[in-house]
Amino acid sequence: MKQGPGLLFVVSGPSGAGKDTLVDALLARSPQLRYSVSATTREPRPGEIEGQHYFFLTREEFERRREAGAFLEWRDYNGNLYGTPRDYVEQTVAEGYDVIMKPEVNGALAVQRAYPAAVLIFLVPDRFSYLGERLLARRTETNEEIAHRLEIAHQEMEFIRSFDYIVINEQHRSEEAVEDLAAVLHAERFRIHRYTDDRLRSVEHT
Ligand code: 5GP
């Protein structure tokens with residue numbers, strides 16, 4: 001039963017952990033879940049669609065929006081700017097839908113500060129070394145960019161303990177990681193503090 005505002009889920013973790021694939025799979029099976037499309041100044045990769053994968057902005061436009069307070073959080077990642085549009089998240093949650101986003105780790109922690117009720121999930125591969133292998137296999141970055149992403153990944157791992165959940169995306173078993181993520185989303189709906197006092201009273205006394 002859908003009631004009141006939706007929940008905010010933040011799936012983070014190092015580049016190459018499988019956030020894109022797992023969140024896509026989750027969205028395909030969860031009608032109540034909406035994806036928050038981020039804005040970025042990075043160049044689109046082949047196959048990426050404006051408004052679906054990202055809102056691709058010039059640096060000037062990104063900075064203009066940032067000054068206007070349009071981003072709930074934003075970060076410089078590997079020389080490009082990335083930000084979460086505030087309006088979409090606030091409106092969609094107010095309509096009662098759950099929202100999922102996948103920022104890098106500092107962005108996730110900024111969301112947690114702005115919305116303490118957000119649920120933070122850290123996604124990692126079962127071995128750190130798989131990150132590099134996955135980034136190489138997808139062939140979307142130069143070797144130099146991959147090296148830098150791995151350096152950032154090392155730093156990001158330090159923040160695991162600030163998250164609410166960890167999901168381990170084991171090599172060749174991503175369906176299990178999707179199940180684990182779905183279980184987290186499902187269970188979060190039943191936390192006592194998400195129910196209004198009126199709703200609790202109605203089950204107590206009727
Ligand atoms: P990519 O260039 O691979 O699409 O993304 C690079 C990193 O930026 C990834 O770790 C991704 O999760 C992160 N990212 C994507 N959108 C946002 C956002 O809106 N805010 C923040 N802080 N990071 C983002």
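Predicted model: local features only at pLDDT ≥ 70, side-chain atom pairs only at ≥ 80, totals over all residues.
How are α1 and α7 oriented to each other, roughly parallel or oblique?

Close-up 1. Residues are numbered from 1 along each chain as its sequence is written, and side-chain values use heavy atoms, with hydrogens and water left out. Helix α1 (residues 19-29) packs on helix α7 (residues 174-188) at an angle of about 60°, the axes being 10 Å apart. The two are therefore oblique to each other (under 35 degrees is roughly parallel, over 145 roughly antiparallel, 65 to 115 roughly perpendicular, and the rest oblique). Helices are DSSP runs of H or I, at least four residues long, numbered from the N terminus; axes are lines fitted to C-alpha atoms over the stretch in contact, with angles from 0 to 180 degrees between N-to-C directions. On the α1 side, look for Leu22, Ala25, Leu26 and Arg29; α7 brings residues including Ser174, Ala177 and Leu185 (contact means heavy atoms within 4.5 Å).

**Close-up 2. Helices α5 and α6.** Here the axes of α5 (residues 129-138) and α6 (residues 143-157) come within 10 Å and cross at roughly 150°. That makes α5 roughly antiparallel to α6. Leu131, Gly132, Leu135, Leu136 and Arg138 of α5 meet Asn143, Ile146, Arg149, Leu150 and Ala153 of α6.

Close-up 3. Around the ligand sit 17 residues, the closest being Ser38, Arg42, Tyr54, Tyr82 and Glu104 (a residue counts if one of its heavy atoms lies within 4 Å). Now for the polar contacts, pairs of N or O atoms within 3.5 Å. A side-chain N or O atom of Glu104 is 2.6 Å from a nitrogen atom of the ligand, and a polar side-chain atom of Glu73 lies 2.7 Å from a ligand nitrogen atom. Gly83 takes part through a backbone N or O atom, 3.1 Å from an oxygen atom of the ligand.

Note on methods. Polar contact = N/O pair within 3.5 Å; in protein donor to acceptor, adjacent residues only side chain to side chain.
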